[in-house]
Amino acid sequence: MSSTEQGTSSAAPAEPTTAPESAAAPEVPESFYYVHGKDKVVHKVSAGALQHSALIHGMISNLGYTEEQAKANPFPFENIDGDILQMVVDWCNQHKGKPTPPEDTNLPKQKEKLFDLVLAVNYLEIKELLTYCCKQVAMMVKGKSPEEIREIWMIPTDAEDEAAEKEAKKRAGKEAAGETAAAAGDAK
Amino acid sequence: MSVNGTEMALLQRFGQLNIRKKSPKSRIPLFKLPQLVLLECIENLDVLEILIFSLLSKRAKSTVKLIRWNPLDLRLKFEDDTHICLKFPSDPSREWVVDYDKESSYPYFQSTLKGPNVSRHLVLKDNGNAMGEIKQMIEHICEVFRSSICGIDIFEESLIEWVINLQSTIQYVSINDDIIISVQTLNRIFKNLKVTEFFRLGSIKTDQKFEITEPIPSRLVTIYKSYWFTLPAILNGN
């Protein structure tokens, strides 16, 4: 249901990149931007590929960089691991100017990295990839028993949740007391 | 209703589903995902998986309740065995069934295809306390999916009081033969349960002679051994 909506919404803006095939249309040189993750490795990505990311697309629109400026100032994503950013960039390049099919076989298969990938994709606002990642997360528990679901999705029991809540309250209380003491110290 | 008690009991039952003991390699801390992402993941599960997930913990249940589900068509049926049938009215060809089977020695999933219709079953062993578990399960489904009971086969007396307390209006009700054993019970049903579409009343097991003169406000009524249902009741009905 939601994937169809998202599929149609992001397909439209990507169309101009496929247009140069027409004989009448002049060849427009593609502009490139640069991004890097936690590992500082810079990835060169075309504007067409980056249109998948609402966050980066918004940044590009607002900054109005020339290619030289873009090269000198890669977009820093310090909260994203290098290998995860590489996966995202690869996916964006593979789907440049194309809508994502319902069963996308070009997506990262490493389930161990799925959590980090979901966080990165959510942060970069890549709707189609996020939809697929959510399906992948759901697929992990297909046909599994309740205890397997608990284990795969790391669902705490009620007792564990209560203990964690108590712990968080205790910590918050200590922090509040510390801040009050510090404020009193400053006042003196 | 003791939600925790209900969930514990149901979980103990579900625990028997743990056939594969192999520890899964890949895991993901679902509750550490941003809430909108987490909800989208859950929306990709099917009804029985959502049901199982919602029984894992209070937090899981409250998370599932955050999603705006389309109301389910929920029916309690009694044929060869007792089962809860769930459907989305927008897609009647797909059905999810929670079965309680006396013959089954362990719980399992099963899918059946009848023409264009698909049924996915979660078959649970009927340990002799199926009635209590069915009631708890239905209450849980109603709460989690924000749905109400659409139809019920009343095949045991205790279901009468339970359904009256749970929901005062139901579309389809069928009461089996000899389940109603007193006029008081019959009157209580007529006063407290509004059946809007179809009301089937089996024979009433009582030696008492009585008459019902009030109409039964249902679009379609079937009564077995209907000596007690009088002409004024028929003429006054709609």
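This is a predicted model: local features need pLDDT of at least 70, side-chain atom pairs count only at pLDDT 80 or more; totals for chains, interfaces and linings use all residues.
Visitor: Among contacts in chain A between residues at least 6 apart in sequence, what percentage join residues at least 24 apart?
Guide: Chain A has 188 residues, of which buried residues make up 26%. Among its contacts between residues at least 6 apart in sequence, the share that joins residues at least 24 apart is 67%.

Visitor: Which elements give two or more residues to the side of chain A that touches chain B, and which gives the most?
Guide: In the contact between the chains, 29 residues of chain A meet 32 residues of chain B. On the side of chain A, two or more residues come from each of helix H6 (114-124), helix H7 (127-139), helix H8 (146-152) and helix H9 (158-187). The most, seven residues, come from H8(A).

Visitor: How do the residues of the side of chain A that touches chain B divide into nonpolar, polar and charged?
Guide: Chain A places 29 residues in contact with chain B. By class, the residues on this side of chain A are 16 nonpolar, four polar and nine charged.

Visitor: What is the helix content over residues 127-170 of chain A, and which UniProt annotation covers them?
Guide: The end C-alpha atoms of residues 127-170 of chain A are 38 Å apart, and the strand content there is 0%. Helix accounts for 75% of the span. According to UniProt, in an unreviewed entry, the annotation covering these residues is "domain: SKP1 component dimerisation".

Visitor: What are the helix and strand percentages over residues 38-96 of chain A?
Guide: An unreviewed UniProt entry annotates residues 38-96 of chain A as "domain: SKP1 component POZ". The end C-alpha atoms of residues 38-96 are 24 Å apart. The chain over these residues is 56% helix and 12% strand.

Visitor: Is A:Lys40 buried or exposed?
Guide: A:Lys40 lies in the loop between strand S1 (32-36) and strand S2 (42-46) of chain A. Its phi is near 65°, a positive value in a residue other than glycine. Because A:Lys40 has 10 other C-beta atoms within 10 Å, A:Lys40 is exposed.

Visitor: How does B:Arg146 count, given its C-beta neighbours inside 10 Å?
Guide: B:Arg146 is found in the loop between helix H5 (130-144) and strand S6 (149-154) of chain B. B:Arg146 is not a glycine, yet has a positive phi of about 50°. Because B:Arg146 has 14 C-beta neighbours inside 10 Å, B:Arg146 counts as partly exposed.

Visitor: What percentage of the residues of chain B count as buried?
Guide: Chain B contains eight helices and nine strands. Residues 24 or more positions apart account for 48% of its contacts with a separation of 6 or more. Of the 238 residues of chain B, the share that counts as buried is 26%.

Visitor: What distance separates the centres of domain 1 of chain B and domain 2 of chain B?
Guide: The domain assignment of chain B gives domain 1 (3-16 + 29-65) and domain 2 (73-236). Taken over C-alpha atoms, the centres of domain 1 and domain 2 of chain B are separated by 27 Å.

Visitor: Which elements give two or more residues to the side of domain 1 of chain B that touches domain 2 of chain B?
Guide: The contact between the domains takes 13 residues from domain 1 of chain B and 13 residues from domain 2 of chain B. The side of domain 1 has six nonpolar, three polar and four charged residues. The elements that give two or more residues to this side are helix H1 (3-14), helix H3 (47-54) and helix H4 (58-65) of chain B.

Visitor: How are H3(B) and H4(B) oriented to each other?
Guide: The contact is made by B:Ile50, B:Phe53 and B:Ser54 of H3(B) and B:Ala60, B:Lys61 and B:Val64 of H4(B). These residues divide into four nonpolar, one polar and one charged. The helices pack at an angle of about 135°, with their axes 7 Å apart. H3(B) and H4(B) are therefore oblique to each other.

How values were computed
Residues are numbered from 1 along each chain as its sequence is written. Chains are lettered from A and ligands numbered from 1 in the order in which they are written. Two residues are in contact if their C-beta atoms, placed from the backbone, lie within 7 Å. Helices (H or I, at least four residues) and strands (E, at least two) are DSSP runs, numbered from the N terminus. Ala, Val, Leu, Ile, Met, Phe, Trp, Tyr, Cys and Pro count as nonpolar, Asp, Glu, Lys and Arg as charged, and the others, Gly among them, as polar. A residue is buried if 20 or more other C-beta atoms lie within 10 Å of its own, exposed if 12 or fewer, and partly exposed in between; C-beta atoms are placed from the backbone. Domain bounds come from an automatic or database domain assignment. UniProt positions are given in the numbering used here, feature names are shortened, and annotations may be inferred rather than shown by experiment. Axes are lines fitted to C-alpha atoms, for helices over the stretch in contact, and angles run from 0 to 180 degrees between N-to-C directions. Angles under 35 degrees count as roughly parallel, over 145 as roughly antiparallel, 65 to 115 as roughly perpendicular and the rest as oblique.
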